[in-house]
Amino acid sequence: REYLEKGLKIAREGGFKDELLHTYQELANLYHALGNVEKAYEYHRDFIELNRIQDEANDKERIAVLQAMFEVEKSDAEINYLKMENNLKELEIQNFKRLVVIIAISVVLALFLLIRLLVLNKRLKQAHRDLERKKNVSEIQRKELEEKSMELAESNRMKNRIFSILGHDLKMPVAQLKGVLELLHNQELSK
C-alpha cells in the first residue's frame, strides 16, 4: 500500500497518466481486498474518471489522426483533381493550337485559291477580249472576203459576158475566114 501511495504521488506530480491509471486500479483492488469499500470505491471512481478522460483523449487523438489522414487524402485528391484538370487544360490548349493551325492553313489555302481564281478569271477575261477582238477581225475579214467574192463573181460574170460577146463577135469573121481558107485550100478560089 505504501509503494502504491508513493507511486500515486509520483504519477500525479509527473503527469504519467498510464501509471496513474494502473495505480488507481491497483489501489482500488487492494482496498477492496482489505475490505475498505469506501476507499476502493473512491479509487475505482478515480480510475473510471481517468480512464474516461484517457479514452476521450485517445478518441480525440484518433479523430485528429483520422481528420489529418482525411485532410491528406483530400489534399491528395485535390492535387490529383488539379493535375487532371491541368492535363485537361493542356489538352484543350493543344486542341486549340491545332485548331488555330488548321484554321490558319485553311485561310492560307483559301487565300491562295482565291488569288489563283482571280488570276485565272483575269486571264479568262483577257482571253475572252482577245477572242472577241479576233472574232471582230475575223468578221471584218469575212465581210471583205464576201465582198471580194462578190466582186470576183461579178468579174467572172463580166469576163464570161465579154468572152461571150467576143466569141459571138469573132465567130462570124472566123467562120468567113475559115470558109475562104477552105476554098483556098481546095483551090476553088483564084488568086
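## Threonine 23 and its neighbours

Threonine 23 touches Leu4, Gly7 and Leu8, leaving aside residues up to four places away in sequence. The model is a predicted one. Threonine 23 sits in helix H2. Its relative accessible area is 9%, so threonine 23 is buried. The cut-off for buried is under 20%.

## Helix H1 against helix H2

On the H1 side, the residues are Leu4, Glu5, Gly7, Leu8, Ala11 and Arg12. On the H2 side, they are Glu19, Leu20, Thr23, Tyr24, Glu26, Leu27, Leu30 and Tyr31. By type, the contact of H1 with H2 holds 8 nonpolar, 2 polar and 4 charged residues.

Helix H1 covers residues 2-14. H1 and H2 pack at an angle of about 155 degrees. Their axes are 9 Å apart. That angle makes H1 roughly antiparallel to H2, because angles over 145 degrees count as roughly antiparallel. The crossing of H1 and H2 is left-handed.

## Helix H2 against helix H3

How far apart are the axes of H2 and H3? They are 8 Å apart. Helix H2 takes in residues 17-34, and helix H3 takes in residues 37-185. The two pack at an angle of about 155 degrees. H2 is therefore roughly antiparallel to H3. The crossing of H2 and H3 is left-handed.

H2 brings Lys17, Asp18, Leu20, Leu21, Tyr24, Gln25, Leu27, Ala28, Tyr31 and His32 to this contact. H3 brings Lys39, Ala40, Tyr43, His44, Asp46, Phe47, Leu50, Asn51 and Gln54. The residues of the contact of H2 with H3 divide into 10 nonpolar, 5 polar and 4 charged.

How many aromatic pairs does a search of the whole structure find? It finds 2. In one of them, tyrosine 24 pairs with tyrosine 43. The ring centres are 6.2 Å apart, with 35 degrees between the planes. This pair is tilted. Tyrosine 24 lies in helix H2 and tyrosine 43 in helix H3, so the pair ties together parts that are 19 residues apart in sequence. Is tyrosine 24 buried or exposed? At 7% relative accessibility, tyrosine 24 is buried. Tyrosine 43 has a relative accessible area of 6% and is buried too.

Tyrosine 31 also pairs with tyrosine 43. Here the distance is 5.5 Å centre to centre, and the planes are 10 degrees apart. This pair is stacked, because planes under 30 degrees apart count as stacked. Tyrosine 31 lies in H2 and tyrosine 43 in H3, so the pair joins parts that are 12 residues apart in sequence. Both tyrosine 31 and tyrosine 43 are buried. Together, ring pairs link Tyr24, Tyr31 and Tyr43 into a cluster.

Glutamine 54 lies in helix H3. Which residues does glutamine 54 touch, not counting those up to four places away in sequence? They are Lys17 and Asp18. Glutamine 54 has 15% relative accessibility, so it counts as buried.

Asparagine 29 is in helix H2. Its relative accessible area is 45%, so asparagine 29 is partly exposed. From asparagine 29 to leucine 50 is 16 Å, C-alpha to C-alpha. The two are 21 residues apart in sequence.

## Further along helix H3

Leucine 66 is in helix H3. Is leucine 66 buried or exposed? At 54% relative accessibility, leucine 66 is exposed. The cut-off for exposed is over 50%. Leucine 66 and leucine 34 are 32 residues apart in sequence. In space, they are 44 Å apart, C-alpha to C-alpha.

Lysine 178 also has its place in helix H3. Its relative accessible area is 52%, so lysine 178 is exposed. Lysine 178 and lysine 39 lie 194 Å apart in space, C-alpha to C-alpha. In sequence, they are 139 residues apart.

Definitions and conventions: Residues numbered from 1 in each chain as written. Predicted model: local features only at pLDDT ≥ 70, side-chain atom pairs only at ≥ 80, totals over all residues. Heavy atoms only, no water. Axes fitted to C-alpha atoms, helices over the stretch in contact; angles between N-to-C directions. Helix = DSSP H or I, 4+ residues; strand = E, 2+ residues; numbered from the N terminus. Parallel < 35°, antiparallel > 145°, perpendicular 65-115°, else oblique. Left-handed = near helix turned anticlockwise from the far one by under 90°. Contact = heavy atoms within 4.5 Å. Nonpolar A, V, L, I, M, F, W, Y, C, P; charged D, E, K, R; others polar. Phe/Tyr/Trp six-rings, centres within 6.5 Å; stacked < 30°, edge-to-face > 60°. Buried < 20%, exposed > 50% of the residue type's maximum accessible area, 1.4 Å probe, protein only.
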